[in-house]
Amino acid sequence: MKSEAFEHRDIVEGFSTSVAGYVAGSASDAAEQAVTTVGARLAESGWISAANMAGEGFDDVEPLLVALAEAAGNQSAPLPFPLLESWLGVRLLDACTGDHVSLIDEIVSGKQLATVVPESLYGPVERPAGRGVVPYARESSVALAVEWRDARPRLVAVDGAWQDAAEIDLSMPVAKVGDPVGARHLGDLEADALERLGCTYLLLQSAELIGAARSLFDRTIVYLGQREQFGVTLDTFQALQHRAADMFSALETSTSLLQLATNTLVAGHDDSAEFAYTAKGFAGTECWTIANECLQLHGGLGYTWEAGLHQNLRRIAFRSGSAMDARRCLARAGAAAISRGRIVRA
Amino acid sequence: MTLKLTEDEARFEQRVRDWVREVLEPAWQVTYRAGSPEWVAFQKAWDRSLYEGGWAGIFWPPEYGGTKATATERFLYAKVMAEEGAPEGLAKVGRRLLAPMLMAHGTPDQKDRYLGPILRAEEFWCQGFSEPDAGSDLASLRMKAEGDLETGFRLSGQKIWTSHAEHCEFVFVLARSWESERKHDGISFFLLPVESPGITIRPIRQINGASEFSEMFFDDVAVPPENLVGELGKGWHVAMSLLGYERGVEQALGKSAATRRAFERLLGALAEFPAERQAEAAAAVGGMQAEILAVYANAVRLLSQQLEGDSPTEMASVLKLQSSETWRSSAHQQLVLHPPGTHDDVLRDESAIGDYLQSRSATIAAGTSEIQRNIIAKRVLGMGRRTREK
């Protein structure tokens, strides 16, 4: 056995340092960050092209992308750019039939902003219309979706009016696919490739969730060690120590499950999809619980806009509910286990 | 971290599995009631099979009769044993607890006298550490050890939660040679036969009806000086000298596999749920499957850290906490998640009830969940340090 994450450590540290500079310093700055500015800087640094690195000295690109997604999440505030969707868009274009080299180049260079209709990945669906919220829909220049014709998946670029959708994450503008929807056919996908990419997206979301929860958790531990009441620091109280320990256990367990799921995907395990559902379902549930706890343990300060804890909380809430949402992931994995009569094995 | 084993590792894993399937009696858990004389005889026979099969020393260094197994091979061994439902054996306390302590702190005579019979499953040991007033706070133990290195020692006091004492030849105990401001000082580590004059054993009946533990009463029991392990008054250091995480991984994998088997018994019944409750069943199973897989994932990650040379202290506590809580909640789920109208059947299901009751010990034994949380909070997260340093 060997640790591949260890091999990517330098790259991840460099990325984390870069991203820290792009993230809003305070809640009031978040809305003013121009996605094109952030996108241009990410492209210039080569981080969007990370999705294209398969074959360039990396056996499989997923472990690297998962590590980078966690680093992106582990910031004081969410990254105001659809980085996960950009990576997924590049991988989808690479996987489908037809020549999309130019479009891929434009995405990784920042000339085009790509996003993805998440719900359409977990089809089959005939049309992507009304299929959940799409990150950076209005800001994007190419919105990719999967639709099914004659039981075969195909990649389309969605054209058409976007409908308003409720936003919880202020750094992640969203919209719904309007109806009628125009869809320009880009190419066909193999079902296996689509499943792998759908799983990859779940793993990337899980990683970002864990990174964001870890950022909140680390801040909470610092706060509990500084804030004094009744003559002692808050972290002296066993009740709070135990809650922190439970959060730590949940964070590390989420990380372990994510690593296991990533490894099964890379190893071509027959049940890798179920591992991906499980990782997203677990992380989506536990990280939201952690975020709630962190807010609570900050007391009144945590309730202020200025403290900024709500930013990562909002990103966690969004990702947990984003397709495929955490509860649905666990239910799908559970249904598969009942049908099979046994729990999936690594 | 990747699951891809080398060819040698894959062959090793298969070799272990083939051996277990050839030797292990199928459905032994059903055949032998836990704690019964037949169960004890079966466990001891299994220990001897492990020795004859060359597996008893897999966690031991070669100079003491062990094998040259790598960390990955030891992990694979533990994993396969857990998956195949192999018994723990009664020699485990001697082999996995006492033996490493003797290897680190025993005299040459003690190693010569005791290690061989432990490995060969000829002599069985029980552990006399906990007392009625010294469980989580073991260092506050009260058993007295009067005497000295010239004339020998005499032990007086009580131990509790001693596993299978009445079926073992020997016991190792911690006893207090002198009082000290620092309660960890003054504790000594002794070896003695269970049938020593002055020892009384009283089995404890557990909530599941079995008697796997005992109280032991020591009334002025004589111990020769050569049975002291390590320095007089430094026994705490001896007892804490184990590398705990490998044993923790072994235990966690065992619990995970047992939890998996128990939960899989439930899946067949859930397939019969009416349509309107299928969503409920799927959600519950998905959540439980995640917890069970997470035990394995945490164990693999701990191994990975060990292989990278990192100290896996953090993951060891997480693994113990998460695996024991998973067993407990899974066993509980078995009793509450059942097809409509079958509640009576579930409560009459001895294996489900038995699993639930036994699972209640998992979050208490070998460091309670609350202690694990204390360890994580204070030693891993450093909480309360500023107040302690004031």
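In chain B, strand β2 (residues 144-148) pairs with strand β3 (residues 152-163) in the antiparallel sense over five bridges; two strands count as paired if DSSP finds at least two bridges between them, and strands (E, at least two residues) and helices (H or I, at least four) are DSSP runs numbered from the N terminus. This is a predicted model, in which local features need pLDDT of at least 70 and side-chain atom pairs count only at pLDDT 80 or more, whereas totals for chains, interfaces and linings use all residues. Side-chain values use heavy atoms, with hydrogens and water left out, while residues are numbered from 1 along each chain as its sequence is written and chains are lettered from A in the order in which they are written.

The hairpin that joins β2(B) to β3(B) passes through three residues, and D148(B) stands opposite G152(B) in β3(B). On β3(B) there is also a pairing with strand β7 (residues 213-223) of chain B, which is antiparallel and runs over eight bridges, with G157(B) opposite F218(B) in β7(B). Strand β3 of chain B also holds W161(B), whose phi is near 60°, a positive value in a residue other than glycine.

## Two open sheets in chain A

Strands of a sheet pair through backbone hydrogen bonds, either parallel or antiparallel. In chain A, one open sheet has three strands in the order β2-β6-β5, with antiparallel pairing. Because β2 (133-135) and β5 (162-164) of chain A stand at the edges with a single partner strand each, one side of each is left without a neighbour in the sheet. The twist averages 55° from one strand to the next, where angles run from 0 to 180 degrees between N-to-C directions and axes are lines fitted to C-alpha atoms, for helices over the stretch in contact. Within this sheet, β5(A) and strand β6 (residues 174-177) of chain A pair in the antiparallel sense over three bridges, and Q163(A) stands opposite K176(A) in β6(A).

Another open sheet of chain A is formed by four strands in the order β1-β3-β4-β7, and its pairing is mixed. Its edge strands are β1 (114-116) and β7 (182-188) of chain A, each of which pairs on one side only, and the twist averages 40° from one strand to the next. The pairing of β1(A) with strand β3 (residues 142-149) of chain A is parallel and runs over three bridges, and the bridge partner of V116(A) in β3(A) is L144(A). Helix α6 (residues 83-95) of chain A lies across β1, β3, β4 (152-159) and β7 of chain A, running at about 85° to β1(A).

## Helices and single residues

In chain B, helix α1 (residues 7-23) and helix α4 (residues 71-83) pack at an angle of about 35°, with their axes 9 Å apart. The crossing of α1(B) and α4(B) is right-handed, a term used if the near helix is turned clockwise from the far one by less than a right angle, with left-handed used if the turn is anticlockwise. Among the residues that make the contact (heavy atoms within 4.5 Å) are F12(B), V16(B) and W19(B) of α1(B), together with L76(B), Y77(B) and V80(B) of α4(B). By class, this contact has eight nonpolar, one polar and six charged residues; Ala, Val, Leu, Ile, Met, Phe, Trp, Tyr, Cys and Pro count as nonpolar, Asp, Glu, Lys and Arg as charged, and the others, Gly among them, as polar.

H105(B) lies in helix α5 (residues 92-105) of chain B. Leaving aside its neighbours within four places in sequence, H105(B) is in contact with V229(B), G230(B), H237(B), V238(B) and S241(B). Although H105(B) and H237(B) are 132 residues apart along the chain, their C-alpha atoms are separated by 9.5 Å. In chain A, the peptide bond from A323(A) to M324(A) is cis, with omega near -10°, and M324(A) lies in the loop between α12 (309-321) and α13 (326-340).

## Where the two chains meet

At the interface, 57 residues of chain A are in contact with 52 residues of chain B. The area buried between the chains is about 4600 Å², of which carbon and sulfur atoms give 63%; buried area is the accessible area (1.4 Å probe) that two parts lose on being put together, summed over both.

Between chain A and chain B the count is four salt bridges, each being a side-chain nitrogen of Lys or Arg within 4 Å of a carboxyl oxygen of Asp or Glu. The side chains of R373(B) and D246(A) meet in a salt bridge, with 2.7 Å from N to O.
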